[in-house]
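Let's take a walk through this fold together, moving from a database annotation to sheets and then to helix packing. Have the viewer open and follow along.

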Amino acid sequence: MSVLTNNTIGEAKRKILLDRFEKFTSDIYYTDVNFKSKVYPERRPIDDVLYYSVPELARIPFSDLNSNLFKPLNERSNRTFGPSWSTHWFLLNITVPDEWAGKSVHLIWNSSSEALIFNMKGVPLQGLTGGDGGDKRHEFPLISKAFGGDKYSFYIEMACNGLFGIGGATMISEPDKDRTFELKKCEIAVFDEEAYELLMDFKLIADMAAHLPQDSNRGSQALLTANKIINKCDTRDRSTWGDASKIAKSFLNQHNGDSQHTIYSTGHCHIDVAWLWPYDETKRKCARSWSSQLSIMNKFKDYKFSQSQAQLYEWTKQLYPELYEQIKQKVQEGQFVPVGGSWVEMDGILPSGESMARQFLYGQRFFKKEFGKYCTEFWLPDSFGYSGQLPQIMKLSNIDSFVTQKMSWNNINKFPHSTMHWQGLDGSRVWAHFPPMDNYCSQVHVKDMLFNVSNFKQRGASNISLCLFGFGDGGGGPNYDMLERLTRFEKNIDSVPIAKLSSAKDFFDRLKKEQSGPDHQLEVWHGELYFELHRGCYTSQASTKRGNRFCQVALRNVEILNLMSRSDDLDLSEEWKLLLLNQFHDVLPGSSIGLAYVDAIDYYRTITKNCEDHISTFTNQIKSTCDGNVDLNHLHDHVLTINTCSWDRSQVVEYALPNDSNHNVAQISHDGKALSFVKVQQLGYDFDSQKLCPDQIQLTSTSDFIQIKNQFVRLQINQQSGHINLFDYRMNRWVIENGGNEFQLFEDVPLFWDAWDVEVYHVDKPIRIHDPNVKLEILESGPLRACVKLQIQLTQNSRLTQFIKVHANSSRIDFHTLVDWNHEQHVMLKSKFPTTIYSPHQMASFDAQFGHLQRPTHRNTSWDWSKFEVHCQMWFDLSEFDFGLAILNDCKHGCSVLNNEMSISLLRSPKSPDVNCDMGHHEFTYSLYSHEGNLQSGNVIQEAYQLNYPLICKTASGNSYGKDSLFDLSAHSVVIDAVKRAEDDRRSVVVRLYESFGGRVDHVVLGVSKLILGQVKRVCRVNILEEELEELEFQDQHVDLGVFGAFQIQSIKFEFE
Ligand SMILES: [Zn+2]
């Protein structure tokens, strides 16, 4: 290697100088003479400190502090506090030395943990981050010009955890419960503003020397300029600092030409609502992070800070009302900028369509109510994939722009755009920007600014981008250094992109203007944003996913039954908000610590209990409205059947058998329940629903097979392996002939992100099933249902029991599954179905929010290969033109289709960040559904709803009689997904419908029950926020909704007399 480059500066000399610059600004080396040490030239310990350790890991509010419990710190033998998650309060009494009069004084605190400083009235003033990491925040500005002898008192709340929790060996390891934290610094110090200013100038120039191209003119100039500054600046003689500063300023005052890129820079503090810490810690993280930002805003008047998640604002409002008022003030002044519009930054793929709608309904309404306006951009920088329906849901929530950066984490294909139009499944388009720094927590160093431009994919087509700066994930946000750098970049430094302190809205407004001309054509990305990483999150923490699905179902049912039963208004907003909270992008995906799931499961329990109570009340209410309706033809006992789906249903139902035995039931189940065949109309109830079943189950058993037949299908269960074959009579063909429902175990060791990732190679390493021979037992053999119990020892410690059920008059086969999943280590469980279906286009279909999408079943390109594990909502389907097979589920999301083989992912066993993830008992159902025609004509969508929304049945003796239906919908392809009371006008009803087949349908007519809901007074189309879009004509309780486009969502509001 040549000693000299083509530049005048030799490479060796350059390295030596860069090293010299580092020592000049080091916290560790040569602090006796270097310049960094001049920022705080004098320090004094604070001697008068009292402390109080809160018992039992409790987090108590300031108002609960009892000053009598505080003890002097200097009586304590050590300055170490713990254990992990404990809280310790300190009272600091400070006297500024007389000789510091006229000087700027800072409080310096390093408790090796997170902390929050309060004034004596209990108002949070600023967060403090301990430790020696880059994200430390030790300094709190006390006074800019001390009087000398002035006295101050503060409280500090020390939380025994770091910004990123208390992981053991690695950040994401199981939390170390016994960690202690040392109070290393508790002092006041003189802050030398002049030294700090020069230091910031110097570091920036030194950074340019290090990161501009080595052979660039400007890089070499930076190198020599920085060296000149050191030579000029005698740290012992401040009279030399002015000349050093002049050298710096004259270099920094050289500007770029007109073509330079502009980086719109918004402060941000990504706060994971629970992740490596529980929800309760997050409430304090908000106060720590946001109070810090308020104090920075007071110094930098152009600084704008973007903060998402209505839930965080609501917590702050409840727990820190004075801080919240200050935030409101800064929102009015335009510095504190609410963004996102959603209740939390939810997972982008796992919640249902209606849940996503509610995220915006509750979120946007909160922002409007509290701050007077809606958010204009959806902010989801950290979710693991994005549903193709989000553009439409955003637009229906008054949002037209989208920010994320997560696609930069793809581990197979590089995402091709930074700025684009994102077009959803229905054709809705939003502006989308993925900040080219590839993060949401930039520290805005020179190298970040340079990388931003080189990594910006729309170079030439656009000349602006967005940067989110400030420490994040565990909160924190920007610090003073970042603002100092940015205000320098704002002044336009030659060879560095220009910064502009702004909000995301400022950026998108500018982008829209920039792209308004005919020459500007951004690319369009169509459909979902499939994230090529974290594919294990479709499966990890199975109980949480079950809780989410079951609560979504329960809340929908309660809202419908509340209206169907003509009961009084019921406010479910608290239950909804708990559900939405648990959809946070580390909770629902399964990537949080165990403590977070204690809360999550508890919230699901609360929602479930409340919903069950309501359903019971409303069902009784419906029953009582029918009491006394005597029908002489129907004097026998009845079953009240309630259908919350928007189509008529005829099927076998199971319900508790009443105590007296006079009931007329066709079959008693193996566990003593009644089975009947019923018919009930859409979104309705029927007291006379029991009908004669047109079909009957036949079960035969040989030493080879148990065979179950109904009019549609024949199922064979192999007596040895338990594998099934399936024959469909309608098409006269085998659907599965080589053994389906084969359980498979795989070694599941990802590269780093344990709970997050299942990697592409897992399928290459199957693990032998401990006892592949199953135990089969026939429990029911008809006439309405056959049930076979299958038991298999998966591993030495884990056992699976399955109830395979075939019903009369249905081609659906249910696999009701119980698994005791114990002591498993990095093992994944799937069930495999090799089918006989050949999809000529090599495509399978997957249920999504308010619609579905297709993905390849081949591995032609790296983009196809990356989809070796994908996600769905309630079903996925593989079809030929006239026949297909769907696999439905009641709480699973992970699946895969390779050629003609379909697999559903059932359980994982990652160990970090929750060492107990998925250990224990599980219950879930998946189903096979073979169908004629395609998935649309074959009713796959309806069947998946029916699995998830079983008919609600209640027996009643006496002669009650009656039936009615809330709504009457004309179009087969349109689904009513929600029926709810209007938010602002509880007498009115909002119905949310969507076109589910993926094609246009004209003249959709919706009829409304006069008996149940009353006389319609007015009908209008509303958006998700329930704002009126247009009034609709109605006649005789019917309204023509006009045209539904493919996968279009419509919300219709009915007002009644
Ligand atoms: Zn996050």
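At which residues does UniProt place the feature "domain: Glycoside hydrolase family 38 central"? According to the UniProt record, which is an unreviewed entry, this feature sits at residues 532–604. Please keep in mind that what you are looking at is a predicted model.

Now turn to the sheets. One of them is an open sheet of 6 strands, and if you step across it you meet the order β3-β2-β5-β10-β7-β8, with antiparallel pairing. At the edges are β3 (71–72) and β8 (124–129), each of which pairs on one side only. For a look inside this sheet, pick out strand β7 (residues 114–118) and strand β10 (residues 151–159), which pair in the antiparallel sense over 5 bridges. A handy landmark here is Leu116, whose bridge partner in β10 is Glu157. Helix α5 (residues 279–299) lies across β5 (87–95), β7, β8 and β10, and the helix runs at about 105 degrees to β8.

From α5 we can move on to its helical neighbour. Helix α6 (residues 310–319) packs against α5 at an angle of about 80 degrees, and the two axes are 10 Å apart. An angle from 65 to 115 degrees counts as roughly perpendicular, so α5 and α6 are roughly perpendicular to each other. On the α5 side, the contact is made by Tyr279, Thr282, Lys283, Cys286 and Trp290; on the α6 side, Leu312, Tyr313, Trp315, Thr316 and Leu319 meet them. Sorted by class, this contact has 7 nonpolar, 2 polar and 1 charged residues.

Helix α7 (residues 321–332) and helix α8 (residues 353–371) have axes 11 Å apart and pack at an angle of about 85 degrees. These two are therefore also described as roughly perpendicular to each other. Look for Tyr324, Lys328, Val331 and Gln332 in α7, which meet Phe366, Glu370 and Phe371 in α8. The residues of this contact divide into 4 nonpolar, 1 polar and 2 charged.

Next comes an open sheet of 5 strands, this time with mixed pairing, in the order β16-β17-β19-β18-β22. Its edge strands are β16 (377–379) and β22 (524–526), each pairing on one side only. From one strand to the next, the twist averages 30 degrees. Within this sheet, strand β17 (residues 401–403) and strand β19 (residues 429–433) run parallel and are joined by 3 bridges. There, Ser401 stands opposite Trp431 in β19. Helix α12 (residues 504–514) packs on the sheet and touches β16, β17, β18 (419–423) and β19; the direction of α12 makes about 115 degrees with that of β19.

To finish, a word on charged pairs. How many salt bridges does a search of the whole structure find? The search finds 64.

Methods: Residues numbered from 1 in each chain as written. Predicted model: local features only at pLDDT ≥ 70, side-chain atom pairs only at ≥ 80, totals over all residues. Heavy atoms only, no water. Axes fitted to C-alpha atoms, helices over the stretch in contact; angles between N-to-C directions. Helix = DSSP H or I, 4+ residues; strand = E, 2+ residues; numbered from the N terminus. Parallel < 35°, antiparallel > 145°, perpendicular 65-115°, else oblique. Contact = heavy atoms within 4.5 Å. Nonpolar A, V, L, I, M, F, W, Y, C, P; charged D, E, K, R; others polar. UniProt positions renumbered as here; feature names shortened; annotations may be inferred. Pairing = 2+ DSSP bridges. Salt bridge = Lys/Arg side-chain N within 4 Å of Asp/Glu carboxyl O.
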